[in-house]
Amino acid sequence: MSMIRLVGSKKMNSFAVFLSVIKKLKKRSGVCVLLSKPYSAVEKKLTQAVDPKKVFFIDTANNLSQGDNVVSLPIEDLTGLSLAIDQAFQVLPRENPFLVFDAFSLFTLHNDPKTVAKFALFLIKTMRARSVETIIVRGSEGMNPELQSVLEQAADKVETVS
Amino acid sequence: MDMRKTLFFVMIALLVVSTLALVIITQQGRNPSLREWVTDCSLIILAVCAVGANVLAWNATPAEFWQERRCWIFSVLGFVCFALGDGYWAYSELVAKVPVPVGSFADLFWNLAYLFLGLGLFFLLRTMFFPSKKKVYLVLFVTFAIAFAYAYVHVGKVVMVQGSFGDVVNDLYVLYDIILLGMVALLLVPLLFYHNPLITPWLLFGFAILARIAFDFIFAGLVSAGAYQSGSYVDLLYALSYVLFTFTGDAKFNLLQRYAHRYER
């Protein structure tokens, strides 16, 4: 299943939405890209939400994270991020994998929104080819209209969590 | 956890390069025959180590990551060609005892090796996202412009004025290197300042190509000055390039094996 889902909420903050999304993926393997909170700050919540033996974390909120299932990359290095995501999927089991971003709009704080939109389309195309379910959680502070429009058009499903 | 298979090639490569460094450093100006033997044989063994480690990395890369697998297989073909070229050079120098003519089979294999290495790098770059395609095209345009300017000024001058085929062949390597340098800059610049295990193999791959490029520039200068002989200090750069390519294969294999155990893949 390679569905692309764009998820947001009017009431919850993006990290709460992210946690509710990954809790439903508990038995599956995948990659979580953390943008809003460093891995070290939310490690306990994450390990309660998913099986840490099945999930790889890429931390863009703290450049010092390094561990068995976590690596860090700066949020502005989209080239490195694309390569790291690709490499991370090579080490995971390939049964029904997923990719989740916790607050996609935060990319636009450090990158041009057009570039972020291109990055999203690049990832969506790659993930579809690899049959990876991709879940993009919008940031709670809203999203650049151009980026939102691109994501809504590229997504198979736009959801609002209450 | 089992010992990883690539470690065998890494250990041989380290042993061989250490011996080579010892001989080159201690025997300068003393025993040219020993330097020739050790250098020529070491380089063949190092090329075979690079082939072995990269074959294992290619084999371990999942089939659906076909672009990256193409990168590995073209790199392997490149090292096979380097090994054949180095082998022909060693045979001519050590067994047949004839000077290796420029434009020989060795140069044919080395030329093919650069083509394969360039193709490998091309397929790797295709798996990466670049924020600005304009910048990528600009880097490639400038690279090719410098390469063609070099060809026009240097190779053209050699053909028209001196007519030496040998110099043209030697200058071709510098030409390939300029093109590879532009491509490797696209790979290294975004990754250079951030280190994590997922991108380590590609940093090593980039540095291995840089070592080869540095060697070729120095080698071309030494040859045109008539100052090169097997066992020179510059051969250590050539050897270092093979060692880094072996490390590349090992880093990739290690990454996949280490996490395969963790994730029970």
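Predicted model: local features only at pLDDT ≥ 70, side-chain atom pairs only at ≥ 80, totals over all residues.
**Entry 1: strands first**

Before looking at the sheet I settled one term: two strands count as a pair if DSSP finds at least two bridges between them.

One position I marked was A:F101, which stands opposite A:I136 in β6(A).

Then I stepped back to the whole sheet. In which order do the strands of chain A lie in the open sheet? I read off β4-β3-β2-β5-β6-β1-β7, seven strands with parallel pairing. At the edges sit β4 and β7 (157-160) of chain A, each of which pairs on one side only. From one strand to the next, the twist averages 15°.

A reminder to myself: strands of a sheet pair through backbone hydrogen bonds, either parallel or antiparallel.

**Entry 2: β1 and its neighbours**

I followed β1(A) next. On one pairing, β1(A) meets β6(A) in the parallel sense over four bridges, and there A:I4 has A:T134 as its bridge partner.

Is β1(A) largely enclosed or largely open? Four of its five residues are buried, so β1(A) is largely enclosed by the rest of the structure.

**Entry 3: helices of chain A**

The axes of α5(A) and helix α6 (residues 145-154) of chain A come within 9 Å and cross at roughly 15°. That makes the two helices roughly parallel, and the crossing is right-handed. Among the residues that meet, I listed A:V116, A:A120 and A:I124 from α5(A), and A:L147, A:V150 and A:L151 from α6(A). Sorted by class, this contact holds ten nonpolar, no polar and two charged residues.

**Entry 4: one alanine in a loop**

I picked out A:A61, in the loop between β3 (55-59) and β4 of chain A. Buried or exposed? A:A61 counts as buried, because it has 21 C-beta neighbours inside 10 Å and the cut-off is 20 or more. Leaving aside residues up to four places away in sequence, A:A61 touches A:L34, A:L35, A:S36, A:K37 and A:P38.

**Entry 5: a helix pair in chain B**

In chain B I looked at helix α3 (residues 66-95) and helix α4 (residues 105-125), whose axes come within 7 Å and cross at roughly 165°. They are therefore roughly antiparallel to each other, and α3(B) passes α4(B) in a left-handed crossing. The contact between them has 19 nonpolar, five polar and two charged residues.

**Entry 6: where the chains meet**

Last, I checked the contact between the chains, which takes 28 residues from chain A and 24 residues from chain B. On the chain A side, β4 (70-72), α3 (78-91) and α5 (113-129) each supply at least two residues. Which element of chain A gives the most to this side? It is α3(A), with eleven residues. By class, the side of chain A that touches chain B has twelve nonpolar, nine polar and seven charged residues.

Technical notes. Residues numbered from 1 in each chain as written. Chains lettered and ligands numbered in written order. Contact = placed C-beta atoms within 7 Å. Nonpolar A, V, L, I, M, F, W, Y, C, P; charged D, E, K, R; others polar. Axes fitted to C-alpha atoms, helices over the stretch in contact; angles between N-to-C directions. Buried ≥ 20, exposed ≤ 12 C-beta atoms within 10 Å, placed from the backbone. Parallel < 35°, antiparallel > 145°, perpendicular 65-115°, else oblique. Left-handed = near helix turned anticlockwise from the far one by under 90°.
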